[in-house]
Amino acid sequence: MSSEEAAAPTKTGTDDDGMSWWYRWICKLAGVLGGISCATMGVWNCVTVNPLNIAAGVWMVLTACVLFLCEVPFCCQFVEFANVIAARADRLKPWQKALFYCGMALFPIFLSFSITTLFGNAIAFAAGVLYGLASLGKKGDAVSYARLQHQKQGDEEKLTGTTDGSVP
């Protein structure tokens, strides 16, 4: 057994979550765009005298930093712990990422409901929704669904004792 064959089964657990490569990239793109929108709207939200708006803006900037650390760690290459956080985030299941991203996006909206917090966190929330949809799994194909319905119909016929459709 060569070293390539031995290393093949020990790949990271990102392929066993049922996400295709293009859906994974869409989720990462939504996370990056959510980070950009959170950062810009968070800074804009901090330009006020209302302390709740400032707190919501700071939270949005922190959300953007977490999104960048989790989704695109190469943007934070000078932060020593960025690769460790990215590796830990890649090991999370999609439903855990969905809960984390949606929770982080909803907190500033509850803190200070305004247009900037709503629009700034909308894409980050959408990234969480995409990860949540990924946790539901792949859609079943029509052949297996038809086979299941046919089997169910056969079971019902066995229970009633009829096979030709006549009533006993």
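Cys-27, by contrast, is buried, with a relative accessible area of 0%. A disulfide is a covalent bond between the sulfur atoms of two cysteines. Searching the whole structure gives 0 disulfides, where a disulfide is counted as a pair of cysteine sulfur atoms within 2.5 Å.

The model is predicted, and local features need pLDDT of at least 70, side-chain atom pairs count only at pLDDT 80 or more, and totals for chains, interfaces and linings use all residues. Residues are numbered from 1 along each chain as its sequence is written, and side-chain values use heavy atoms, with hydrogens and water left out.

Helix α5 covers residues 94–111; helices (H or I, at least four residues) and strands (E, at least two) are DSSP runs, numbered from the N terminus. The 18 residues of α5 reach 26 Å from the first C-alpha to the last, close to the 26 Å expected at 1.5 Å a residue. The expected span is 1.5 Å times one less than the number of residues. Pro-94, Lys-97, Ala-98, Tyr-101, Cys-102, Met-104, Ala-105, Pro-108 and Ile-109 are the buried residues of α5. Viewed down the helix axis, these buried residues fall within an arc of 155°, so they line one face of α5; the arc is that of the directions from the helix axis to the C-beta atoms. Exposed Leu-99 and Phe-110 sit on the face of α5 turned away from its buried side. The cover over the buried residues of α5 includes α3 (51–71), α4 (82–91) and α6 (115–135).

In the whole structure, 4 aromatic pairs are found. Rings of Phe, Tyr and Trp (its six-membered ring) pair if their centres lie within 6.5 Å; planes under 30 degrees apart count as stacked, over 60 as edge-to-face and the rest as tilted. One of the pairs joins Phe-100 and Tyr-101, and is tilted, at 6.2 Å centre to centre with 45° between the planes. Phe-100 is partly exposed, with a relative accessible area of 38%, whereas Tyr-101 is buried at 2%. Tyr-101 also pairs with Tyr-131, in an edge-to-face arrangement with 5.7 Å centre to centre and 70° between the planes. This second pair links distant parts of the chain, Tyr-101 being in helix α5 and Tyr-131 in helix α6, 30 residues apart. Tyr-131 counts as buried, at 3% relative accessibility. Together, Phe-100, Tyr-101 and Tyr-131 form one aromatic cluster.

Gly-31 lies in helix α2 (residues 21–45) and is buried, with a relative accessible area of 0%. Neighbours within four places in sequence aside, Gly-31 is in contact (heavy atoms within 4.5 Å) with Leu-67, Glu-71 and Ala-127. The C-alpha atoms of Gly-31 and Val-72 are separated by 8.7 Å, although the two residues are 41 residues apart along the chain.

An unreviewed UniProt entry places the feature "transmembrane region" at residues 21–44, 56–86 and 98–131. UniProt positions are given in the numbering used here, feature names are shortened, and annotations may be inferred rather than shown by experiment. Residues 21–44 are 100% helix and 0% strand, with end C-alpha atoms 35 Å apart. Residues 98–131 are 91% helix and 0% strand, and the end C-alpha atoms of that span lie 5 Å apart.

Definitions and conventions: Buried means under 20% relative accessible area, exposed over 50%, partly exposed in between (1.4 Å probe, protein chains only).
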